[in-house]
Amino acid sequence: MTSSSAATPHPRAGRRCHNVLNSLHSTHYFSPDVTRELAGIGITHPSAVNFAVRAAALGAVGAGTVTAAFYNYKHDLVAAHVPEVWSTAAPKEVLAARLRAVDATLRRLLGEEAVASPEMAEAAGLALRAAEACTRTARPLYSAHADLPVPEEPHLAYWHAATLLREHRGDGHLTVLLGAELDGLEAMVTHTATGKGIAPKWVLKSRGWSQEEWDAAEERLRGRGLLGAEGELTEAGMTLRKDIEAETDRLDRAPYAYLGAAGVERLTELGSAFIGAALRAGAFPADLVGKG
């Protein structure tokens, strides 16, 4: 593949672009439109909704596959809903309901003018071009979503491309976490300790872990010299998190190198405007991120 620009972006430019796209993708996980659409096909439990909308691209898989692909959910919680959820609604039905919900969510958060704007069409084109350089090997969630058709409407095509780029980086990130010998909960604990991860109460609520299991993970990390007495990252812990992100950047550099520095800069600019509007519209709970 040849980059669409002679200049290769800095790895952190790719990370910044990904963060903007990932945030827009993630709005649907907190959307009442998803709750409504999934209820319409018989799926009402919040955990079942979560597992169904993200795992449906994989097909009617079992709990083990979902636990492996999602990494930081307790298997017991996954097994309480998967594969039973597929007897309520087939993956194809879930994917259709998800797309309807994303359509409604983006129209509500961004407004009809932004959805129909030339900037949205431009962003979709840039993001889809970047996704052309994604690779399937050892990336199950990306590969499953790459098999789905690209929606025709630009705002849905943009969301689809954001999903591809999010899952591509995410799959690679899990490889890095394995190499760092962090299990799913330990990875969450260390990310939360940076101040940029999901707040503990949201982790416990959505991932199925107990406070006792969270505390035990902290103790294991203290034993490795990664956490201090108050749950803060030690110097070694901060270095590990920095190294994890840098290695994730390396594994995810292809789509942004292919798009080129100018393309990455423009996509980040466009995406920042869209997610900024979504944030102002209340896309996420106010207490979602932080150490508290």
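Predicted model: local features only at pLDDT ≥ 70, side-chain atom pairs only at ≥ 80, totals over all residues.
Q: What charged end sits over the ring of Phe70?
A: That one belongs to Arg54, whose charged end is 4.6 Å from the centre of the Phe70 ring. Phe70 is also one of the buried residues of α4.

Q: How many aromatic pairs are found in the whole structure, and how do I read one?
A: A pair of aromatic rings is described by two things, the distance of the centres and the angle of the planes. The search of the whole structure gives six aromatic pairs. Take Phe51 and Tyr73: their ring centres are 5.4 Å apart and their planes stand at 70 degrees, so this pair is edge-to-face. It links distant parts of the chain, since Phe51 is in helix α3 and Tyr73 is in the loop between α4 and α5, 22 residues apart.

Q: Are Phe51 and Tyr73 buried or exposed?
A: The cut-off to keep in mind is that buried means under 20% relative accessible area. Phe51 has 1% relative accessibility, so it counts as buried. Tyr73 has 7%, so it counts as buried too.

Q: Which residues form an aromatic cluster?
A: One aromatic cluster is made of Phe30, Trp202 and Phe284.

Q: What does Phe284 touch?
A: Setting aside residues up to four places away in sequence, Phe284 touches Ser23, Ser26, Thr27, Phe30, Ile275 and Leu279. Phe284 and Ser26 are 258 residues apart in sequence, while their C-alpha atoms are 8.9 Å apart in space.

Q: How many Å separate the C-alpha atoms of Pro11 and Pro118?
A: Those C-alpha atoms are separated by 28 Å, and the two residues are 107 residues apart along the chain. Pro11 lies in helix α1, residues 11-26.

Q: Is Pro11 buried, exposed or partly exposed?
A: Its relative accessibility is 47%, so Pro11 counts as partly exposed.

Q: Where is Glu218, and what is it in contact with?
A: Glu218 is in helix α14, residues 211-223. Leaving out neighbours within four places in sequence, Glu218 is in contact with Val189, Leu227 and Gly231. With a relative accessible area of 15%, Glu218 is buried.

Q: Now for pockets: what is the volume of the second largest pocket?
A: The general idea is that rolling a probe the size of a water molecule over the atoms shows where empty space is left. Here, the second largest pocket has a volume of about 180 Å³.

Q: Which residues line the second largest pocket?
A: Its lining consists of Leu95, Ala96, Arg98, Leu99, Leu148, Pro149, Val150, Pro151, Glu152, Trp159 and His160. By kind, they divide into eight nonpolar, one polar and two charged.

Q: Which helix gives the most to that lining?
A: That is α7, with four residues. Helices α7 (91-110) and α11 each supply at least two residues of this lining.

Technical notes: Residues numbered from 1 in each chain as written. Heavy atoms only, no water. Buried < 20%, exposed > 50% of the residue type's maximum accessible area, 1.4 Å probe, protein only. Contact = heavy atoms within 4.5 Å. 1 Å grid on protein atoms, 1.4 Å probe; cavity = no way out; pocket = protein on both sides within 12 Å on 5 of 7 lines; lining within 4 Å. Points joined across faces, edges and corners; volume = space filled by probe spheres on them. Nonpolar A, V, L, I, M, F, W, Y, C, P; charged D, E, K, R; others polar. Phe/Tyr/Trp six-rings, centres within 6.5 Å; stacked < 30°, edge-to-face > 60°. Lys NZ or Arg CZ within 6 Å of the ring centre and 35° of its normal.
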